[in-house]
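Subject: Handing over the model

Hi,

Here is the structure I promised to pass on. Please have it open while you read, as my notes follow below.

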Amino acid sequence: MPDNVFASPHPLVAHKLTKLRDRRTEPKKFRELIREIAGLIVYEATLDLATVPTTVMTPLAEAPGVQLREKIGLVPILRAGLGIVEGVWDLMPTAEVWHIGLYRDERTLKPVEYYNKLPVEPTVSVCLVLDPMLATGGSAVAAIDILKRWGVTKIKFVGLIAAPEGIQNLSSHHPDVPIHVAAIDSHLNEIGYIVPGLGDAGDRQFGTA
Ligand code: URA
């Protein structure tokens, strides 16, 4: 396993992920859990964000502090990545959200781009690519290709469950991109679903199963 792949060791994450996987979990609860787990994973994923020193006046005296130096862009892979945005926004409400629409061709399992309105110049210095499921890794590789062409150099992948096949694909195409997830599962099945996984993350969030 590459040394920039991180599966959260946190018991809270493991507890919430267990509820998320449970087939009996309804969409409302599923969305809440995605949001909560995403916040915990992104907290771990942003440990190295650059800061600049500053000071503030407390009611008693001047106190040293810091401000985040980097402008953060969230790039959810539509549509399942949308639920993760809410969780990250709870922590970083000023993060910009840039949408890249990719769908997985059911026959080839390859990503097809259908929406991309990035402006010419990058407006952020760090991008977090958000997708709950790192399955084949095809969509993440394609989204990161787009972001690198846009000119962003610092990119991280934030997800919930990864398959070893997806990690292998993403790490071989983009070895500089750290991968942060709640768990690494066993394998992909013949139709590209993560096993044991949680099923279709989009359908379970949006109630379309
Ligand atoms: N996308 C999902 O929603 N679930 C998987 O298991 C794989 C891809």
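Let me start with the second largest pocket, whose lining takes at least two residues from each of β1 (5-7) and α2 (27-45). The main giver there is α2, with 3 residues.

The model is predicted, with local features needing pLDDT of at least 70 and side-chain atom pairs counted only at pLDDT 80 or more, while totals for chains, interfaces and linings use all residues. Residue numbers run from 1 along each chain as its sequence is written, and side-chain values rest on heavy atoms, with hydrogens and water left out.

Back to that pocket. Its space comes to about 260 Å³, and 13 residues line it, with Tyr43, Glu44, Ala45, Thr46 and Leu47 the closest to its centre. By type, this lining has 7 nonpolar, 3 polar and 3 charged residues. Here Ala, Val, Leu, Ile, Met, Phe, Trp, Tyr, Cys and Pro are nonpolar, Asp, Glu, Lys and Arg are charged, and the others, Gly among them, are polar.

You will want the pocket criteria too. On a 1 Å grid over the protein atoms alone, a pocket is an open set of points where a 1.4 Å probe fits, with protein on both sides within 12 Å along at least five of seven lines, and lining residues have an atom within 4 Å of a point. Points are joined across faces, edges and corners, and a volume is the space filled by probe spheres set on them.

The largest pocket has a volume of about 590 Å³. Of its 26 lining residues, Leu78, Ala80, Arg104, Asp131 and Asp200 are the closest to the centre. Two or more residues each come from β6 (100-104), β9 (133-134), α4 (138-150) and α6 (201-206). The lining divides into 14 nonpolar, 7 polar and 5 charged residues.

Two residues are worth a look. Gln205, in helix α6, is buried at 2% relative accessible area (buried means under 20%, with a 1.4 Å probe and protein chains only). The side chain of Gln205 reaches the backbone oxygen of Ala80 at 2.9 Å. Beyond neighbours within four places in sequence, Gln205 has contacts (heavy atoms within 4.5 Å) that include Phe30, Ile34 and Pro132. His180 sits in strand β12 (residues 179-181) and is buried as well, at 7%.

What about the nonpolar cores? A core is a set of buried Ala, Val, Leu, Ile, Met, Phe, Trp, Tyr and Cys residues joined through side-chain atoms within 4.5 Å. In the largest, of 35 residues, Leu20, Ile37, Leu74, Leu128 and Leu130 touch the most other members. The largest share of this core, 8 residues, is from α2. Apart from it lies another core of 28 residues, among them Ile100, Cys127, Ala140 and Ala162.

Lastly, two peptide bonds are cis, with omega near 0°: Leu78 to Arg79, and Val195 to Pro196. Arg79 is in the loop between β4 and α3, and Pro196 in the loop between β15 (194-195) and α6.

Best wishes

Key
Helices (H or I, at least four residues) and strands (E, at least two) are DSSP runs, numbered from the N terminus. Buried means under 20% relative accessible area, exposed over 50%, partly exposed in between (1.4 Å probe, protein chains only). A polar contact is a pair of N or O atoms within 3.5 Å; within protein, one must be able to donate a hydrogen and the other to accept it, and residues adjacent in sequence count only if both atoms are side-chain atoms.
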